[in-house]
Amino acid sequence: MKTMRTLAVLAMAANLSLFGGGISALGRQISAGTGDILAFVREISAFAEEVLLRTGIRIPEYTPSPCVESAAALDNPYIGWYQIHAYTLSDAPWDPTDVLEQDYGPGLVLLQFNLCNFAEGPVSEAGLAQLEGILDAWHSRGRQLILRFLYDWDGKPHKTEPESLSQILEHMSQTARVIDRHRDCVYILQGIYAGSWGEMHGSEYTNAEDMLTLMEHLDSVTDPSVFLAVRTPAQWRAVKDAWQAREGDSAGTGLQRLGLYNDGLLGSETDLGTYGQGDSDFSAGQTQKRSRQDEITFQNTLCNHVPNGGEVTIDNPYNDFPSAVQDLAAIHISYLNDRYDEAVLAKWQADSFTGDGPFRGMSGYDYIAAHLGYRYVLRSSALSAPASPEEAAVLTLALENVGFSPCYRPFDVALNMEAESGDYALPVEADTRLWLPGQEILLEIPLDLSALAPGEYSLSLSVSDPFSGFEIRLANEGALEGEGCPVGSLTVRISPQ
């Protein structure tokens, strides 16, 4: 059989100018009778294989891997529970030991910086160096940072904030230079440096005019890769109106990075004043607070594109586990405080998920933790063979984001192909920011079979974050850290034309 295959290939090669005088040369060796017959056969076989590699048709055989959703906790960046660490900037030396003892890995921290020591003047060089050192230390631990600058931790900002708006603006400009040097780890900058606990209320600078002045300046001095955030949807709409009135269509650049943070999350019908009372009219002015349901509807659209997070508070029916899941998913929450409110978190621990799927029986707390932010599951894979040798095969992957939100920074996606002949990483064109919750995600990956050596390939999908360098793990059984998510196995055979 092999002899017939070899003769067929040789006959085919004899008609190809690509191989020039190869066949004639072999014929002269036969006539001369000077070569060893075994060496001659080996040369014939090698030559036949070369011809087959160049001219044969690639026949793909594909076997998909099982796609079983996992309930495992995934340690991915930009999502999940965050911890608060508070600092009062000063001229005093700062010891980084506590930060450097933190475990290395992805995860969010909220760093609060109190500037009250500099309320009467610019932040000193020593104070800025302290800020630089703190950000350096947290960056070295691999964390993604949410920053909040403020002057008050007691709900009395009028006692500690600067006496002039211009002083806050100067502080913004000073700290922005340090923030921009850490833009690869600074994820969100919350607030406008004013208000009780930095929450944009209770301050003489949180009136509409000053708020817009502060937000406009913050937008102008910080790198556009860093997300900004305001406290309420009504404030977001006020900023939108002001920017669009001033800048027209170009205002969209700033709005594309303006998200929300809610430290009264699920605390009452109004989320402790975040929303309006009762059945407020959705047609109310842009800067007016609307009813709970109207504001949830507003956030459902907005927060497909910008982050939303905060802390839950005050045990009440709005944060009972079933209600909490419904609202957290609807407003696309991607991060929550891991300590506050402990009564609410304990209530979630005591409840359990009763739906179908891998999370059935899991505590409400763990269910919510697993769904904060994005959570990608590979649902299926299939290979479409090419209609002709000149066309590429197409590998189609179907994924789903089962988390509460998308990810707001773009990830790199690649198809990994491992074989004895070598390993390949094929970049996949995809904007992962558009992988929205609950929608089918289809990746159609062309495979040029003519470029593949015959053999067996193990295929896996890898997703990674170019900002932090961390791998993005998928929620599939068998998706191991550092190995991607198994997709399937591909065998490439070669058949003579």
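**Stop 1: helix H14.** Select residues 364–371, helix H14, which is mostly covered: six of its eight residues are buried. Buried means under 20% relative accessible area, exposed means over 50%, and partly exposed lies in between (1.4 Å probe, protein chains only). Helices (H or I, at least four residues) and strands (E, at least two) are DSSP runs, numbered from the N terminus.

A note on the model before moving on. It is predicted, with local features needing pLDDT of at least 70 and side-chain atom pairs counted only at pLDDT 80 or more, while totals for chains, interfaces and linings use all residues. Residues are numbered from 1 along each chain as its sequence is written, and side-chain values use heavy atoms, leaving out hydrogens and water.

**Stop 2: aromatic pairs.** The structure holds 18 aromatic pairs. Rings of Phe, Tyr and Trp (its six-membered ring) pair if their centres lie within 6.5 Å; planes under 30 degrees apart count as stacked, over 60 as edge-to-face and the rest as tilted. Phe321 lies in helix H12 and Tyr367 in helix H14, so the pair ties together parts 46 residues apart in sequence. Phe321 is buried at 6% relative accessible area, and Tyr367 is buried at 11%.

Next, select Tyr374 and Phe411. Their ring centres are 5.4 Å apart and their planes stand at 65°, so this pair is edge-to-face. Tyr374 sits in the loop between H14 and strand S10 (376–384), and Phe411 in the loop between strand S11 (393–401) and strand S12 (412–419), 37 residues apart. Both Tyr374 and Phe411 are buried.

Now pick Tyr87, Trp94, Phe113, Phe149 and Tyr193, a cluster linked by ring pairs.

**Stop 3: charges over rings.** Here NZ of Lys or CZ of Arg must be within 6 Å of the ring centre and within 35 degrees of the ring normal. Arg409 puts its charged end over the ring of Phe467, 4.0 Å from the centre. Arg237 lies over the face of Phe298, 4.8 Å from the ring centre.

**Stop 4: helices H8 and H9.** Select 208–221 (H8) and 233–247 (H9): their axes come within 10 Å and cross at roughly 70°. Axes are lines fitted to C-alpha atoms, for helices over the stretch in contact, and angles run from 0 to 180 degrees between N-to-C directions. H8 is therefore roughly perpendicular to H9, a label for angles of 65 to 115 degrees. Contact means heavy atoms within 4.5 Å. From H8 come Met211, Leu212, Met215, Glu216 and Asp219; from H9 come Gln235, Ala238, Val239, Ala242, Trp243 and Arg246.

**Stop 5: Ser489.** Finish in strand S17 (residues 485–495), the place of Ser489. Is Ser489 buried or partly exposed? At 34% relative accessibility, Ser489 counts as partly exposed. Beyond neighbours within four places in sequence, Ser489 contacts Glu61, Tyr62, Thr63 and Tyr457.

Conventions: Angles under 35 degrees count as roughly parallel, over 145 as roughly antiparallel, 65 to 115 as roughly perpendicular and the rest as oblique.
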